[in-house]
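This briefing sets out the computed features of one protein chain, grouped by topic. Please read it alongside the sequence and the model.

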Amino acid sequence: MKPTTQRSLILALLALLMVATRVNHWAPIPDASWAVFFIGGFYLRQWTRWAFPALMALAVAVDYAVITGQGQSFWQHYCVSAAYWFLVPAYFAMWAGGLFVARHYSRSWRTLAVTAVALVASTLVCQLLSQGSFYWLSASVAEKTVAGWAANYVQWLLPYMQTAATYVGIAAVAHAIVVAAVKPTTANADVAKPR
């Protein structure tokens, strides 16, 4: 399979995963958005200039469809404030984590450690930007305090990290299966490399 075809397939799968899980953040199947951006950074690094904005636009479009589908105004919804736009750097933190793993990728166990460290670091930053901006900039929190912000940050960090780790873990297992199934030859050695 050609690299462009591989990237297109991965982008389509990531978009489908985000749409399927983002439509209801509290569904039994949790929102995969954070993991989608991390995985996208790993596989689509050569397409960062347009793949990241495309996935970001898709996330906003899904939010818009869900909010207006409930008969509410997108711009009046409690989730949409000045803080909402901090999702761009927050999600790019996840993308950057995937980029970091791609740059340090090798077909060894070391890559698992690199992935774990990058995932934790990017999730910490993503949570800081998304939760921090919501806490401090939205009207949803009446009395803002550093202690209240810190408690809120910690309360939501573990669930978001668990969700991202679950999806990234599934992607890592799928990647390992594909890499093991494809015999490295000159013609198909690129399959094992992140894009």
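Of the 195 residues in the protein chain, 40% are buried (under 20% relative accessible area with a 1.4 Å probe and protein chains only; exposed is over 50%, partly exposed in between). The model is predicted, so local features need pLDDT of at least 70 and side-chain atom pairs count only at pLDDT 80 or more, while totals for chains, interfaces and linings use all residues. Residues are numbered from 1 along each chain as its sequence is written, and side-chain values use heavy atoms, without hydrogens and water.

**Overall fold**
- The protein chain has six helices and zero strands, where helices are DSSP runs of H or I with at least four residues and strands are runs of E with at least two.
- The C-alpha atoms fill a box of roughly 60 × 35 × 30 Å along the principal axes.
- Of the contacts (heavy atoms within 4.5 Å) with a separation of 6 or more, 71% join residues 24 or more positions apart.

**Arg22**
- Arg22 lies in helix α1 (residues 3-22) and is buried, with a relative accessible area of 2%.
- The Arg22 side chain makes polar contacts with the side chains of Asp63 (2.8 Å) and Tyr91 (2.9 Å); such a contact is a pair of N or O atoms within 3.5 Å, and within protein one must be able to donate a hydrogen and the other to accept it, with residues adjacent in sequence counting only if both atoms are side-chain atoms.
- Beyond its neighbours within four places in sequence, the contacts of Arg22 include Asp31, Ser33 and Leu87.

**Leu137**
- Leu137 belongs to helix α5 (residues 110-137) and is partly exposed, at 43% relative accessible area.
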